[in-house]
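Subject: Model for your review

Hello,

Here is the model for you to look through. Please open it alongside the notes below.

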Amino acid sequence: MVSDEHSQLWPYSQEQLSNLEHLSQRVQNYKRIVKDILYFFTVAQTLEKRLGAEHGKLYGLLCDYEQEMGEGTSDILKAWSHYAQNVQNDIAGGDHQVSTLVIKRLNQLKQELKKKEKQVNRDLQDTMNCILHERNRTVSHIQTHEKYLESKKAEAPGTIHPSVDPWLSERVLYKQLRVMIEEENKFQKEMTTLFQDIAQFDEHVVEELKRILEEYAHAKGSQWSSMQTHTSLAVNIATATEASSQFELFSRQNRFDDPTLWQTPRTIESFPYKTREIKILKKGLLYMPGLFPDKWNPVLAVLTETGFLHCFRLSDAKYRQLLEKYDHKKEQEGWMSTLKRSLTLKSKILMEDVFDHMDKPRAAFSFSLGQPRVNITMPAHQVHLYVFEISAQGQAPQKKFFFSKSKESNVFRFKAHNQQDMIDWTSALQAEVKNLLPTTPPSPLYMSSKKCEENVEQNVQELLKDPVWKSPITRKPPSERIPSSGENSVTLEWKSTANAPKFQESTKTLNEPYPFNPLDEFKNWTEEAPLTA
C-alpha cells in the first residue's frame with residue numbers, strides 16, 4: 001500500500017505497485033495451470049491403464065470361452081477378442097507416449113515455474129526495497145528543509161543565535177533529489193529488463209504447452225486411428241458372421257438335433273422304474289358323520305389290496321359332478337321302489353382325479369383292516385339309513401380328521417348312497433378282513449423252561465472252549481482233570497516249584513458240584529511256595 005506522501009510526490013507509484021503484483025500473479029497462475037494439467041494427465045494415465053487392463057482381461061476371458069464353447073461361437077468371439085487385444089496394445093503404446101511426452105515435460109515445466117516464481121519474487125523484493133529506501137530518504141530531506149524554512153520565518157530580527165540557513169538544507173535536498181532520480185531511472189530500467197525476461201519465459205511456457213498439446217494430440221490421434229481400424233476390422237468380422245449358423249454348429253456338436261434324445265415322447269410305460277401297481281378292490285361314494293348331528297359329509301372311499309380303506313374329501317362341485325354321472329334306474333319290487341346307480345366311465349375318471357393329484361401320501365381318513373379284531377357290522381336300528389360300522393381294538397381317530405366318531409370307543413360309521421351300495425361295501429370289507437387273517441398261529445412271547453435249559457447248556461459248552469476259561473494253576477481245561485472216586489467230585493493235583501519250601505504233593509477233593517472256584521486254594525498255595533521264573 002502506497003502512503004499519501006508517496007502518492008503526492010510520485011503519483012505513478014500506486015500504478016507501478018499494482019502492475020508488479022499482476023506480474024507476480026501471472027507467474028503463479030502459470031504454475032497452477034501446469035499443476036492442474038499435470039494432475040489431469042496423471043489421472044488420465046491411470047484410467048488408460050485401467051482401460052487397457054480391462055481389455056486384456058476381456059481378451060483372456062473370451063479366449064477361455066472360445067475354447068469352452070467350441071465352434072458354435074468361435075467366429076463372434078474371435079471378433080471381440082481381436083478387438084480387445086489390439087485395443088490393449090494401442091492403449092499400452094499410448095500410455096508410454098503420455099508418460100514420456102506429456103507427464104515428463106509437464107514435470108520439468110512445473111519445476112521451471114517454481115524456480116522462476118522464486119526468482120521474480122526475489123528480484124521484485126530487492127528492487128522495491130531500494131527504490132522505497134530512496135523515496136523515504138527524499139521525503140525525510142524535504143521535511144527537514146521545510147522545517148528550516150519555517151524556523152527562519154518565525155525568527156525575529158536581531159536574534160543572537162540564528163537558526164540554520166535554509167540555503168544549506170536546500171543544497172542537501174538537491175543532492176538527494178539527484179540521487180533519487182538516478183534510483184528511479186535505475187528502478188525503471190531494471191523493471192523493464194525484468195519484464196522482458198518474464199515475457200521471454202512466458203513465451204517459453206506457452207511454446208512448451210503448445211508443443212506438449214500438439215505431440216499429445218498427434219500420439220492420441222494415431223492411437224485413435226489404430227483403434228478405429230481395429231474396431232472396423234472387428235465389426236467386419238462380426239458382420240460376416242451368420243447368427244443362425246453359430247447355434248447350428250453348436251447343436252450338431254452336442255447332438256441337440258438328435259430326435260432320439262429330444263423328440264421321442266416320454267411316457268410312464270417307458271420309464272425304467274416299474275411300480276407294482278397296487279390294485280383298487282373297490283371305490284365309490286360314501287358318507288361320514290360331520291361335526292353336527294344328522295350331517296353327513298360326502299367322501300370318495302377307496303379299498304386297496306393292501307388292506308387299507310382311504311376316504312378323500314369331496315368339494316361341492318366335485319360331488320355334484322359325481323352325482324350327475326350316475327345312471328338312474330328304477331325297479332319295482334312290490335310296493336317298494338329301490339334306486340340302483342351304476343358308475344359310468346366318466347364317473348371313474350372323476351374319482352381318479354380326486355386321488356391322482358396328491359402331493360403327500362395322506363388321505364382325510366385311513367383305516368387298516370389288518371389290525372386285530374376288526375368288525376364290520378350293520379346296526380339294526382340304522383339299516384334303513386344304509387349305515388354300517390367299522391370297529392377295531394387299537395384304532396384311534398386322527399386329530400386333524402374333521403369327521404366325528406360314534407359314541408362307542410373305536411367305532412367309525414359310514415353311510416352308503418343306497419341299500420345295494422351298503423351291501424356291496426360291507427361284503428367287500430368283510431372279505432378283505434378275512435383275507436388278511438393269519439394262516440398260522442402267532443409265535444410265543446416267552447420260551448419254555450426246557451428250551452431255556454437247552455440254550456444254557458449250549459452256551460456253557462461254547463464258553464469252555466475259550467482259553468480264558470482254563471484253570472490258572474494247571475493250565476488244563478476242567479474236562480482234562482482226573483476225577484475222584486466221587487461221582488460229582490473233581491481231583492486237583494498241586495505241584496510246587498523248585499525253589500519252594502517244604503511242600504508235599506497233595507490231592508484235594510472238592511465234594512462240590514462242578515464248576516467250582518479254585519481261587520482260595522491257589523491263594524493258600526502261593527503263600528506257602530511262591531512261584532519263580
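The model is predicted; local features need pLDDT of at least 70, side-chain atom pairs count only at pLDDT 80 or more, and totals for chains, interfaces and linings use all residues. Residues are numbered from 1 along each chain as its sequence is written, and side-chain values use heavy atoms, with hydrogens and water left out.

Helices (H or I, at least four residues) and strands (E, at least two) are DSSP runs numbered from the N terminus.

Helix α9
Helix α9 takes in residues 419-435, 17 residues in total. From first C-alpha to last it reaches 24 Å, close to the 24 Å expected at 1.5 Å a residue; the expected span is 1.5 Å times one less than the number of residues.

Buried means under 20% relative accessible area, exposed over 50%, and partly exposed in between (1.4 Å probe, protein chains only). The buried residues of α9 are D421, M422, W425, T426, L429, E432 and V433. They lie on the same side of α9 because they cover an arc of only 135 degrees around the axis, taken from the directions from the helix axis to the C-beta atoms. K434 and N435, on the other side of α9, are exposed. The buried residues of α9 pack (contact: heavy atoms within 4.5 Å) against several strands, including β1 (280-289), β2 (296-304) and β3 (308-313).

Cores
A nonpolar core is a set of buried Ala, Val, Leu, Ile, Met, Phe, Trp, Tyr and Cys residues joined through side-chain atoms within 4.5 Å. The largest has 22 residues, and L286, F414 and L429 are among those with the most contacts inside it. The largest share of this core, four residues, comes from α9. A second, separate core has 15 residues, including Y30 and F41.

Strands around β2
Eight of the nine residues of β2 are buried. Strands pair if DSSP finds at least two bridges between them. β2 pairs in the antiparallel sense with β1 over nine bridges, and with β3, also antiparallel, over five bridges. In β2, T304 is the bridge partner of I280, while V299 stands opposite R313 in β3. The hairpin of β1 and β2 has six residues between the strands, and D294 in the turn has a positive phi of about 60 degrees. Three residues separate the strands in the hairpin of β2 and β3, where G307 takes a positive phi near 90 degrees.

Regards
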